[in-house]
Amino acid sequence: MAKYIGAIDQGTTSTRFIIFDHDGNVVTFDQKEHEQIYPKAGWVEHDALEIWKNTQDVIQGAVAKVSSDQYSVISEIAAIGITNQRETTLVWDKETGKPIYNAIVWQDTRTDVIINKLSKQGGQDRFRKKIGLPLATYFSGPKIKWILDNVKGAKEKAKKGELLFGNMDTWLIWNLTGEHITDVTNASRTMLMNLKTLDWDAEILKVMGIPKNILPKIKSSSEVYGNINSGVLQRIPVAGDLGDQQAALFGQTCFKAGEAKNTYGTGCFMLLNTGEKPVQSKAGLLTTLGYKIGNKKAVYALEGSIAITGALIQWLRDNLSLIQSSPEVEALAKSVEDNGGIYFVPAFSGLYAPYWKSDARGVIVGLTRYVNKGHIARASLEATAYQTREVLDAMEKDSKVKLKALKVDGGMVFNELLMQFQSDILNVPVVRPKVSETTSLGAAYAAGLAVGFWKDTDELKKNWGRDKEWTPKMDSKRRQGLYSGWKKAVTRTFDWID
């Protein structure tokens with residue numbers, strides 16, 4: 001009997017392969033970063049062939065760490081799950097398997113002209129009732145349109161059925177198994193899937209000029225899609241597929257309506273399980289798919305998406321050389337007692353939830369001669385906590401549910417200063433689980449359920465354990481004063497781009 005489940009976690013800055021045991025513990029992993037390509041201001045791209053090569057490399061790397069001449073861990077793996085950076089858009093040639101253009105990353109804002117044109121009829125919420133999303137540069141549909149409009153011959157080839165579209169989950173599954181599929185969670189981020197029918201919406205496809213034949217078949221998040229047809233994992237089934245934030249919701253075992261998690265990565269993403277019916281947001285959140293297990297009913301979620309959190313720390317490192325490595329930011333921030341009166345609003349790609357302003361740009365406000373690099377580091381960390389508070393306020397308004405505690409995951413949850421400030425500014429406990437790799441774990445759980453490695457979600461719940469909890473220590477007057485300063489700072493980013 002198989003002992004393990006594997007998960008490919010294809011993220012914005014790197015790709016990982018992790019093998020988990022039945023208790024949800026990490027057995028082995030390998031990780032590799034890929035290049036971030038910035039052709040113009042506001043444009044962000046990835047080389048999809050580099051990502052596919054890295055995926056193969058990290059699979060081999062992780063397997064090699066726990067295998068020997070006498071033993072191969074591969075024979076003990078029951079299935080593979082996939083989780084991925086969502087909305088990152090790729091179109092490739094069906095015959096050659098070569099992309100016709102670099103993958104356009106979710107942070108990319110080049111489709112703002114397309115968005116503005118679409119908004120002229122019906123405004124930003126033109127399709128929101130059907131898809132749960134505002135018109136925004138964030139999503140895949142307008143990116144597909146941009147590629148078809150701007151790559152020579154692409155429109156004609158698409159009409160002939162010679163091209164395929166996919167987010168990164170679809171690209172990897174196609175390369176691994178030959179199947180052209182996606183799951184409901186990734187499809188719900190394209191602006192092209194109807195939330196009720198869980199199928200591509202003919203009206204929106206027509207408006208965007210996207211032929212249906214280039215789109216993948218929409219499947220559940222947990223079922224066998226096909227067997228791997230080459231490489232070291234040959235013949236192992238790919239049986240789980242979840243966009244990264246939904247995978248974290250699943251990995252955090254937020255299976256009941258009213259349970260929420262926040263993932264601190266390149267961006268920050270809070271999801272609240274709302275049950276088997278979609279809840280339309282009136283406070284600037286996204287209505288999205290949470291997950292769908294096999295032929296069971298789909299589970300929906302409200303999501304607050306923040307574009308820049310961990311990416312701001314990378315920016316301090318790579319663009320300003322303020323730190324040599326990302327973990328150093330905590331020590332630098334601790335070198336001062338507070339933010340020195342400054343706020344850093346990192347609207348590098350515009351503002352996401354709850355504002356949805358693609359014409360906003362980043363600002364540092366409140367600067368005086370007193371401010372030093374420690375204050376900038378601290379304000380950078382605090383920006384993540386403030387943005388999360390804005391999302392939580394919107395979530396409580398929409399759902400009428402008062403959050404009692406926030407489950408957290410992602411790379412930044414090991415920053416003690418940030419986690420304490422997060423608890424202070426939210427005024428609720430912040431809880432980190434024992435297994436912090438919840439995104440990969442969610443993909444593994446979905447795959448394991450599909451092949452009977454785990455019996456049901458109750459069995460998964462037993463795996464979840466608390467590692468650390470932070471409780472609020474800030475008095476309410478100071479909390480309110482800091483937060484109102486942040487709200488004022490955010491307004492300074494508005495309408496920067498004409």
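This is a predicted model: local features need pLDDT of at least 70, side-chain atom pairs count only at pLDDT 80 or more; totals for chains, interfaces and linings use all residues.

Residues are numbered from 1 along each chain as its sequence is written, and side-chain values use heavy atoms, with hydrogens and water left out.

Q: What makes the contact of Arg110 and Asp108 a salt bridge?
A: A salt bridge needs a side-chain nitrogen of Lys or Arg within 4 Å of a carboxyl oxygen of Asp or Glu. For Arg110 and Asp108, the N to O distance is 2.9 Å. Therefore the pair qualifies. In general, side chains of opposite charge can pair when their charged atoms come close.

Q: Are Arg110 and Asp108 buried or exposed?
A: Both are buried. Buried means under 20% relative accessible area, exposed means over 50%, and partly exposed lies in between (1.4 Å probe, protein chains only).

Q: Why do Glu223 and Lys219 count as a salt bridge?
A: Their N to O distance is 3.9 Å. The limit is 4 Å, so the pair counts.

Q: Why is Glu223 called partly exposed?
A: Its relative accessible area is 24%.

Q: Which parts of the chain does the salt bridge of Glu203 and Lys130 link?
A: These side chains meet at 2.5 Å, N to O. The pair links distant parts of the chain: Glu203 is in helix α8 and Lys130 in helix α3, 73 residues apart. Helices here are DSSP runs (H or I, at least four residues), numbered from the N terminus.

Q: Why do Glu203 and Lys130 count as partly exposed?
A: Glu203 has 41% relative accessibility, so it is partly exposed. Lys130 has 27%, so it is partly exposed too.

Q: How many salt bridges does a search of the whole structure find?
A: It finds 29. Arg86, Glu87, Arg189, Asp244 and Glu303 are linked in a network of them.

Q: What makes a space a cavity?
A: On a 1 Å grid over the protein atoms alone, it is a set of points where a 1.4 Å probe fits but cannot get out. The whole structure has 5 cavities of 30 Å³ or more.

Technical notes. Helices (H or I, at least four residues) and strands (E, at least two) are DSSP runs, numbered from the N terminus. On a 1 Å grid over the protein atoms alone, a cavity is a set of points where a 1.4 Å probe fits but cannot get out, and a pocket is an open set with protein on both sides within 12 Å along at least five of seven lines; lining residues have an atom within 4 Å of a point. Grid points are joined across faces, edges and corners, and a volume is the space filled by probe spheres set on the points.
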